[in-house]
Amino acid sequence: QRQMCIRDRLHKPQLHDILVFERVGAYSVTEGIYLFLSRPLPRIYFWTEGEGLRMVRDGVHTDLLNSEK
C-alpha cells in the first residue's frame with residue numbers, strides 16, 4: 001500500500017491506496033449519503049507521530065443495516 005497526501009498529485013492511483021486528508025475534523029466522512037444509498041462506509045484511520053497509522057473504524061456494509069431481517 002502506498003500513502004499519499006492530498007497535496008501530492010495523484011499519479012496513477014491504484015486500488016487499496018490510502019488517501020490522506022489532513023486537518024478535516026468532523027468533516028472527514030459524510031455518512032448520510034452512504035447510508036441512504038446502501039453503499040459501504042469506508043474504513044477510517046487516524047495517524048499520529050507516536051502511534052503511526054491506526055484504524056479506528058473498519059468498513060461497514062450499510063446494505064445490512066437497510067435490509068429487512
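How many bridges join strand β3 to β4, and which way do the two strands run? Five bridges join β3, residues 44–48, to β4, and the pair is antiparallel. Two strands pair if DSSP finds at least two bridges between them. Strands here are DSSP runs of E, at least two residues, numbered from the N terminus.

A word on the model. This is a predicted model, where local features need pLDDT of at least 70, side-chain atom pairs count only at pLDDT 80 or more, and totals for chains, interfaces and linings use all residues. Residues are numbered from 1 along each chain as its sequence is written, and side-chain values use heavy atoms, with hydrogens and water left out.

Confidence next. pLDDT is the predictor's confidence in each residue, from 0 to 100. The protein chain averages 78. Among its elements, strand β1, residues 3–5, has the lowest mean, 57. Strand β4, residues 52–57, has the highest, 90.

Back to the pair. A hairpin of three residues links β3 to β4. T48 stands opposite G52 in β4.

Now the surface. Y45, W47, L53 and M55 make a nonpolar patch of about 400 Å². Nonpolar side chains (Val, Leu, Ile, Met, Phe, Trp, Tyr) are joined within 5 Å, like charges within 9 Å. Areas come from the Shrake-Rupley method with a 1.4 Å probe; for residues, only the protein chains shown count as cover. β3 and β4 each supply at least two of the patch residues.

How values were computed: Helix = DSSP H or I, 4+ residues; strand = E, 2+ residues; numbered from the N terminus. Patch = residues over 30% accessible without salt bridge, like charges linked within 9 Å, V, L, I, M, F, W, Y side chains within 5 Å. Salt bridge = Lys/Arg side-chain N within 4 Å of Asp/Glu carboxyl O.
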